[in-house]
Amino acid sequence: WEFNGSFYQPPAFLMMGIPGLEALHHWISIPFCALYLIALLGNCMILFIIKKTQSLHEPMYYFLSMLAVTDLGLVLCTLPTTLGIFWFNMRRIGFDACLTQMYFIHILSFIESSVLLAMAFDRFIAISHPLRHPSILTKTTVIKIGLAIILRGMVSLLPIPFLLKRLTYCRKTELSHSFCFHPDIMNLACADIKVNVFYGMIILLSTVGMDFIFIVLSYILIIKTVISLATKEECLKALNTCVSHICAVLVFFIPMIGLSMIHRFGKNVPPLVNTLVAYTYLIIPPALNPIIYSIKSSHIREALLRALWRK
(Lines give C-alpha, C1' and ligand atoms only; values in the text may rest on other atoms or scores of the structure.)
Protein backbone atom coordinates (compact mmCIF):
# COMPACT_ATOMS: atom_id res chain seq x y z
CA TRP A 1 0.00 0.00 0.00
CA GLU A 2 1.38 3.35 -1.02
CA PHE A 3 2.00 6.04 1.55
CA ASN A 4 3.17 9.57 0.72
CA GLY A 5 4.33 10.62 4.20
CA SER A 6 1.39 12.91 5.10
CA PHE A 7 -0.75 12.30 8.17
CA TYR A 8 -3.71 10.07 7.33
CA GLN A 9 -6.42 8.68 9.58
CA PRO A 10 -9.10 6.53 7.94
CA PRO A 11 -12.71 7.61 8.53
CA ALA A 12 -13.64 3.97 9.07
CA PHE A 13 -12.31 0.42 9.18
CA LEU A 14 -13.65 -2.66 7.42
CA MET A 15 -14.13 -5.71 9.64
CA MET A 16 -13.77 -9.30 8.50
CA GLY A 17 -16.09 -12.17 9.31
CA ILE A 18 -14.59 -15.63 8.92
CA PRO A 19 -12.07 -15.50 6.03
CA GLY A 20 -12.78 -17.92 3.21
CA LEU A 21 -16.28 -18.71 4.48
CA GLU A 22 -18.08 -15.49 3.56
CA ALA A 23 -20.70 -17.38 1.53
CA LEU A 24 -21.66 -19.38 4.64
CA HIS A 25 -21.98 -16.44 7.03
CA HIS A 26 -25.77 -16.84 7.37
CA TRP A 27 -25.35 -20.48 8.41
CA ILE A 28 -22.37 -19.73 10.64
CA SER A 29 -24.47 -17.12 12.44
CA ILE A 30 -26.68 -19.90 13.90
CA PRO A 31 -24.10 -21.29 16.40
CA PHE A 32 -22.98 -17.73 17.18
CA CYS A 33 -26.57 -16.72 17.96
CA ALA A 34 -26.90 -19.79 20.19
CA LEU A 35 -23.71 -18.92 22.09
CA TYR A 36 -24.74 -15.28 22.52
CA LEU A 37 -28.20 -16.34 23.72
CA ILE A 38 -26.73 -18.82 26.22
CA ALA A 39 -24.31 -16.15 27.49
CA LEU A 40 -27.02 -13.50 27.89
CA LEU A 41 -29.61 -15.76 29.52
CA GLY A 42 -27.08 -17.71 31.61
CA ASN A 43 -25.37 -14.68 33.13
CA CYS A 44 -28.68 -12.89 33.74
CA MET A 45 -29.92 -16.05 35.46
CA ILE A 46 -26.82 -16.14 37.70
CA LEU A 47 -27.32 -12.50 38.70
CA PHE A 48 -31.05 -13.02 39.34
CA ILE A 49 -30.52 -16.12 41.50
CA ILE A 50 -27.76 -14.51 43.58
CA LYS A 51 -29.84 -11.38 44.13
CA LYS A 52 -32.97 -13.28 45.16
CA THR A 53 -31.32 -15.97 47.32
CA GLN A 54 -30.28 -14.64 50.71
CA SER A 55 -28.03 -17.63 51.45
CA LEU A 56 -25.87 -16.73 48.44
CA HIS A 57 -25.05 -13.26 49.77
CA GLU A 58 -21.45 -14.11 50.58
CA PRO A 59 -18.05 -13.23 49.01
CA MET A 60 -17.81 -16.21 46.64
CA TYR A 61 -21.12 -15.32 44.98
CA TYR A 62 -20.47 -11.58 45.03
CA PHE A 63 -17.36 -12.24 42.94
CA LEU A 64 -19.38 -14.59 40.73
CA SER A 65 -21.82 -11.70 40.17
CA MET A 66 -18.91 -9.49 39.08
CA LEU A 67 -17.82 -12.22 36.67
CA ALA A 68 -21.35 -12.48 35.24
CA VAL A 69 -21.61 -8.68 34.75
CA THR A 70 -18.20 -8.65 33.02
CA ASP A 71 -19.24 -11.52 30.73
CA LEU A 72 -22.45 -9.67 29.83
CA GLY A 73 -20.37 -6.61 28.98
CA LEU A 74 -18.09 -8.62 26.69
CA VAL A 75 -21.08 -10.15 24.93
CA LEU A 76 -22.76 -6.77 24.39
CA CYS A 77 -19.49 -5.28 23.07
CA THR A 78 -19.00 -7.86 20.31
CA LEU A 79 -22.57 -8.95 19.50
CA PRO A 80 -23.65 -5.94 17.31
CA THR A 81 -20.64 -6.01 14.98
CA THR A 82 -20.35 -9.82 14.78
CA LEU A 83 -23.99 -10.46 13.95
CA GLY A 84 -24.09 -7.32 11.80
CA ILE A 85 -21.47 -8.90 9.54
CA PHE A 86 -23.03 -12.38 9.51
CA TRP A 87 -26.61 -11.19 8.91
CA PHE A 88 -26.33 -7.95 6.94
CA ASN A 89 -22.68 -7.83 5.76
CA MET A 90 -22.25 -4.54 7.68
CA ARG A 91 -18.46 -4.46 7.70
CA ARG A 92 -17.88 -0.71 8.15
CA ILE A 93 -17.16 0.78 11.57
CA GLY A 94 -16.15 4.40 12.21
CA PHE A 95 -12.62 5.13 13.44
CA ASP A 96 -13.68 6.56 16.82
CA ALA A 97 -16.38 3.90 17.27
CA CYS A 98 -13.74 1.25 16.65
CA LEU A 99 -11.42 2.73 19.29
CA THR A 100 -14.32 2.89 21.76
CA GLN A 101 -15.24 -0.76 21.17
CA MET A 102 -11.59 -1.79 21.47
CA TYR A 103 -11.19 0.13 24.75
CA PHE A 104 -14.18 -1.55 26.38
CA ILE A 105 -13.29 -5.02 25.10
CA HIS A 106 -9.80 -4.74 26.60
CA ILE A 107 -11.07 -3.20 29.86
CA LEU A 108 -13.62 -5.99 30.34
CA SER A 109 -10.98 -8.63 29.55
CA PHE A 110 -8.64 -7.15 32.16
CA ILE A 111 -11.51 -6.91 34.67
CA GLU A 112 -12.39 -10.57 34.09
CA SER A 113 -8.78 -11.56 34.72
CA SER A 114 -8.75 -9.56 37.98
CA VAL A 115 -12.10 -11.00 39.12
CA LEU A 116 -10.75 -14.53 38.57
CA LEU A 117 -7.76 -13.58 40.76
CA ALA A 118 -10.11 -12.23 43.46
CA MET A 119 -12.07 -15.51 43.32
CA ALA A 120 -8.83 -17.47 43.74
CA PHE A 121 -8.00 -15.36 46.79
CA ASP A 122 -11.49 -16.01 48.16
CA ARG A 123 -11.03 -19.79 47.75
CA PHE A 124 -7.62 -19.62 49.45
CA ILE A 125 -9.01 -17.75 52.47
CA ALA A 126 -12.07 -20.04 52.66
CA ILE A 127 -9.93 -23.20 52.70
CA SER A 128 -6.89 -21.99 54.67
CA HIS A 129 -8.71 -19.80 57.24
CA PRO A 130 -12.38 -20.88 57.22
CA LEU A 131 -13.16 -19.31 60.61
CA ARG A 132 -11.68 -15.93 59.65
CA HIS A 133 -13.13 -15.89 56.13
CA PRO A 134 -16.28 -13.81 56.96
CA SER A 135 -14.24 -11.24 58.90
CA ILE A 136 -11.53 -10.90 56.21
CA LEU A 137 -13.81 -10.68 53.18
CA THR A 138 -16.64 -8.51 54.44
CA LYS A 139 -19.18 -6.95 52.09
CA THR A 140 -17.35 -3.61 52.30
CA THR A 141 -14.03 -5.28 51.45
CA VAL A 142 -15.58 -7.02 48.44
CA ILE A 143 -16.97 -3.69 47.17
CA LYS A 144 -13.54 -2.05 47.58
CA ILE A 145 -11.90 -4.92 45.67
CA GLY A 146 -14.48 -4.54 42.89
CA LEU A 147 -13.88 -0.79 42.59
CA ALA A 148 -10.10 -1.31 42.58
CA ILE A 149 -10.44 -3.87 39.78
CA ILE A 150 -12.50 -1.47 37.63
CA LEU A 151 -10.17 1.46 38.34
CA ARG A 152 -7.07 -0.57 37.46
CA GLY A 153 -8.55 -1.63 34.12
CA MET A 154 -9.73 1.86 33.18
CA VAL A 155 -6.53 3.69 34.15
CA SER A 156 -4.05 1.17 32.71
CA LEU A 157 -5.77 1.14 29.30
CA LEU A 158 -6.65 4.84 29.09
CA PRO A 159 -3.56 5.78 27.00
CA ILE A 160 -4.22 3.08 24.36
CA PRO A 161 -6.83 4.98 22.26
CA PHE A 162 -4.68 8.14 22.31
CA LEU A 163 -1.57 6.17 21.28
CA LEU A 164 -3.56 4.83 18.30
CA LYS A 165 -5.00 8.24 17.35
CA ARG A 166 -1.52 9.79 17.07
CA LEU A 167 -0.47 7.24 14.40
CA THR A 168 -0.50 7.75 10.66
CA TYR A 169 -2.33 4.94 8.86
CA CYS A 170 -1.86 3.35 5.46
CA ARG A 171 -4.69 3.14 2.96
CA LYS A 172 -5.40 -0.44 4.02
CA THR A 173 -8.34 -0.50 6.43
CA GLU A 174 -9.29 -4.18 6.78
CA LEU A 175 -9.27 -5.58 10.32
CA SER A 176 -8.79 -9.30 10.95
CA HIS A 177 -11.85 -9.77 13.15
CA SER A 178 -15.50 -8.74 13.47
CA PHE A 179 -14.52 -6.50 16.38
CA CYS A 180 -11.74 -4.00 17.09
CA PHE A 181 -8.60 -5.31 18.78
CA HIS A 182 -5.54 -3.21 19.70
CA PRO A 183 -2.82 -5.22 17.89
CA ASP A 184 -5.07 -5.47 14.83
CA ILE A 185 -5.56 -1.68 14.55
CA MET A 186 -1.93 -0.96 15.42
CA ASN A 187 -0.64 -3.16 12.58
CA LEU A 188 -2.50 -1.02 10.00
CA ALA A 189 -0.34 2.01 10.83
CA CYS A 190 2.44 3.26 8.56
CA ALA A 191 4.20 5.02 11.44
CA ASP A 192 6.60 3.69 14.06
CA ILE A 193 4.54 1.58 16.49
CA LYS A 194 7.30 0.68 18.95
CA VAL A 195 5.68 2.75 21.72
CA ASN A 196 2.34 1.00 21.18
CA VAL A 197 3.96 -2.44 21.16
CA PHE A 198 6.05 -1.72 24.26
CA TYR A 199 3.17 -0.17 26.24
CA GLY A 200 0.75 -2.93 25.24
CA MET A 201 3.19 -5.64 26.30
CA ILE A 202 4.01 -3.93 29.62
CA ILE A 203 0.33 -3.49 30.48
CA LEU A 204 -0.52 -7.06 29.49
CA LEU A 205 2.29 -8.55 31.57
CA SER A 206 1.69 -6.29 34.58
CA THR A 207 -2.05 -6.97 34.72
CA VAL A 208 -3.21 -10.22 33.13
CA GLY A 209 0.24 -11.81 33.39
CA MET A 210 0.54 -10.99 37.10
CA ASP A 211 -3.05 -12.09 37.72
CA PHE A 212 -2.31 -15.50 36.21
CA ILE A 213 0.88 -15.90 38.26
CA PHE A 214 -0.95 -15.03 41.51
CA ILE A 215 -3.79 -17.41 40.64
CA VAL A 216 -1.25 -20.23 40.20
CA LEU A 217 0.43 -19.28 43.51
CA SER A 218 -2.98 -19.27 45.23
CA TYR A 219 -3.65 -22.81 44.08
CA ILE A 220 -0.19 -23.96 45.15
CA LEU A 221 -1.01 -22.68 48.66
CA ILE A 222 -4.50 -24.23 48.48
CA ILE A 223 -3.02 -27.63 47.55
CA LYS A 224 -0.51 -27.39 50.42
CA THR A 225 -3.37 -26.64 52.82
CA VAL A 226 -5.56 -29.43 51.43
CA ILE A 227 -2.76 -32.01 51.72
CA SER A 228 -2.45 -31.19 55.42
CA LEU A 229 -6.13 -32.02 56.06
CA ALA A 230 -6.81 -35.09 58.15
CA THR A 231 -9.08 -37.21 55.95
CA LYS A 232 -9.46 -37.91 52.25
CA GLU A 233 -13.11 -36.81 52.39
CA GLU A 234 -12.12 -33.37 53.69
CA CYS A 235 -9.51 -33.04 50.93
CA LEU A 236 -12.01 -33.87 48.21
CA LYS A 237 -14.66 -31.58 49.70
CA ALA A 238 -12.20 -28.67 49.82
CA LEU A 239 -10.98 -29.24 46.27
CA ASN A 240 -14.52 -29.63 44.96
CA THR A 241 -15.24 -26.00 45.87
CA CYS A 242 -12.45 -24.94 43.48
CA VAL A 243 -13.39 -27.00 40.40
CA SER A 244 -15.73 -24.37 38.92
CA HIS A 245 -13.16 -21.63 39.35
CA ILE A 246 -10.35 -23.72 37.83
CA CYS A 247 -12.53 -24.41 34.77
CA ALA A 248 -13.35 -20.69 34.43
CA VAL A 249 -9.62 -19.81 34.66
CA LEU A 250 -8.67 -22.33 31.96
CA VAL A 251 -11.52 -21.30 29.65
CA PHE A 252 -10.46 -17.64 29.88
CA PHE A 253 -6.64 -17.75 29.98
CA ILE A 254 -5.87 -20.47 27.39
CA PRO A 255 -7.53 -18.66 24.42
CA MET A 256 -6.26 -15.28 25.64
CA ILE A 257 -2.64 -16.47 25.79
CA GLY A 258 -3.07 -18.15 22.40
CA LEU A 259 -4.44 -14.98 20.79
CA SER A 260 -1.67 -12.83 22.28
CA MET A 261 0.98 -15.22 20.96
CA ILE A 262 -0.59 -15.25 17.48
CA HIS A 263 -0.72 -11.44 17.28
CA ARG A 264 2.89 -11.04 18.39
CA PHE A 265 4.69 -14.04 16.87
CA GLY A 266 2.29 -15.80 14.49
CA LYS A 267 2.88 -13.87 11.28
CA ASN A 268 2.51 -17.05 9.21
CA VAL A 269 -0.52 -18.42 11.04
CA PRO A 270 -3.52 -18.88 8.67
CA PRO A 271 -6.14 -16.10 9.09
CA LEU A 272 -8.82 -18.70 9.85
CA VAL A 273 -6.90 -19.92 12.92
CA ASN A 274 -6.42 -16.36 14.16
CA THR A 275 -10.14 -15.65 13.76
CA LEU A 276 -11.30 -18.83 15.49
CA VAL A 277 -8.99 -18.26 18.49
CA ALA A 278 -10.30 -14.68 18.79
CA TYR A 279 -13.93 -15.84 18.78
CA THR A 280 -13.09 -18.57 21.30
CA TYR A 281 -11.50 -15.98 23.58
CA LEU A 282 -14.40 -13.50 23.54
CA ILE A 283 -17.52 -15.66 23.13
CA ILE A 284 -16.87 -19.07 24.69
CA PRO A 285 -16.05 -17.96 28.30
CA PRO A 286 -19.24 -15.85 28.73
CA ALA A 287 -21.32 -18.77 27.44
CA LEU A 288 -19.57 -21.50 29.44
CA ASN A 289 -19.13 -19.79 32.82
CA PRO A 290 -22.85 -19.86 33.78
CA ILE A 291 -23.07 -23.51 32.71
CA ILE A 292 -19.95 -24.44 34.69
CA TYR A 293 -21.18 -22.77 37.88
CA SER A 294 -24.74 -24.06 37.47
CA ILE A 295 -23.50 -27.64 37.15
CA LYS A 296 -20.77 -27.59 39.79
CA SER A 297 -22.28 -25.29 42.44
CA SER A 298 -24.97 -27.15 44.36
CA HIS A 299 -26.16 -23.90 45.99
CA ILE A 300 -26.83 -22.22 42.63
CA ARG A 301 -28.38 -25.40 41.22
CA GLU A 302 -30.71 -25.73 44.19
CA ALA A 303 -31.67 -22.04 44.06
CA LEU A 304 -32.40 -22.37 40.34
CA LEU A 305 -34.59 -25.43 40.90
CA ARG A 306 -36.49 -23.63 43.66
CA ALA A 307 -37.09 -20.64 41.38
CA LEU A 308 -38.34 -22.92 38.58
CA TRP A 309 -40.51 -24.86 41.02
CA ARG A 310 -42.18 -21.65 42.26
CA LYS A 311 -42.95 -20.65 38.68
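**Figure 1. Overall fold of the predicted model.** From the N terminus on, the elements run β-α-α-β-α-α-α-α-α-α-α-α-α-α. That gives 12 helices and 2 strands. Both kinds of element are DSSP runs, numbered from the N terminus: helices are H or I with at least four residues, strands are E with at least two. This is a predicted model, so local features need pLDDT of at least 70 and side-chain atom pairs count only at pLDDT 80 or more, while totals for chains, interfaces and linings use all residues. Residues are numbered from 1 along each chain as its sequence is written, and side-chain values use heavy atoms, with hydrogens and water left out. The C-alpha trace spans about 70 × 45 × 35 Å along its principal axes. Buried residues make up 49% of the 311 residues. Buried means under 20% relative accessible area, exposed means over 50%, and partly exposed lies in between (1.4 Å probe, protein chains only). Of the contacts with a separation of 6 or more, 81% come from residues 24 or more positions apart. A contact here means heavy atoms within 4.5 Å.

Figure 2. The unreviewed UniProt entry places the feature "transmembrane region" at residues 24–50, 62–88, 100–121, 142–164, 197–222, 243–264 and 276–295. UniProt positions are given in the numbering used here, feature names are shortened, and annotations may be inferred rather than shown by experiment. Residues 24–50 are 96% helix and 0% strand in the model, with end C-alpha atoms 40 Å apart. Residues 197–222 are 100% helix and 0% strand, and their end C-alpha atoms lie 36 Å apart.

Figure 3. The whole structure holds 14 aromatic pairs. Phe13 and Phe95 form a tilted pair, with ring centres 5.5 Å apart and planes at 35 degrees. Phe13 sits in strand E1 (residues 12–14) and Phe95 in helix H3 (residues 95–128), so this pair links distant parts of the chain, 82 residues apart. Rings of Phe, Tyr and Trp (its six-membered ring) pair if their centres lie within 6.5 Å; planes under 30 degrees apart count as stacked, over 60 as edge-to-face and the rest as tilted. Phe13 is buried at 0% relative accessible area. Phe95 is buried too, at 5%.

Figure 4. Phe86 and Tyr279 form a tilted pair, 6.4 Å centre to centre, with 50 degrees between the planes. The pair joins helix H2 (residues 59–88), which holds Phe86, to helix H11 (residues 271–296), which holds Tyr279. These residues are 193 residues apart. Both Phe86 and Tyr279 are buried.

**Figure 5. Arg171 over the ring of Tyr8.** Arg171 lies over the face of Tyr8, 3.8 Å from the ring centre. A charge counts as over a ring if NZ of Lys or CZ of Arg is within 6 Å of the ring centre and within 35 degrees of the ring normal.

**Figure 6. Salt bridge between Glu174 and Arg91.** The count comes to 4 salt bridges. A salt bridge is a side-chain nitrogen of Lys or Arg within 4 Å of a carboxyl oxygen of Asp or Glu. Glu174 and Arg91 meet at 3.1 Å, N to O. Glu174 is in the loop between helix H6 (159–165) and helix H7 (182–186). Arg91 is in the loop between H2 and strand E2 (92–94). The two residues are 83 residues apart. Glu174 is partly exposed at 38% relative accessibility, and Arg91 is partly exposed at 25%.

**Figure 7. Salt bridge between Asp96 and Lys165.** The side chains meet at 3.0 Å, N to O. Asp96 lies in helix H3 and Lys165 in helix H6, so the bridge ties together parts 69 residues apart in sequence. Asp96 is partly exposed, with a relative accessible area of 47%. Lys165 is also partly exposed, at 32%.

**Figure 8. Salt bridge between Arg152 and Asp211.** Here the N to O distance is 2.7 Å. Arg152 is in helix H5 (residues 139–157) and Asp211 in helix H8 (residues 194–227), so parts 59 residues apart in sequence are tied together. Arg152 is partly exposed at 30% relative accessibility, whereas Asp211 is buried at 2%.
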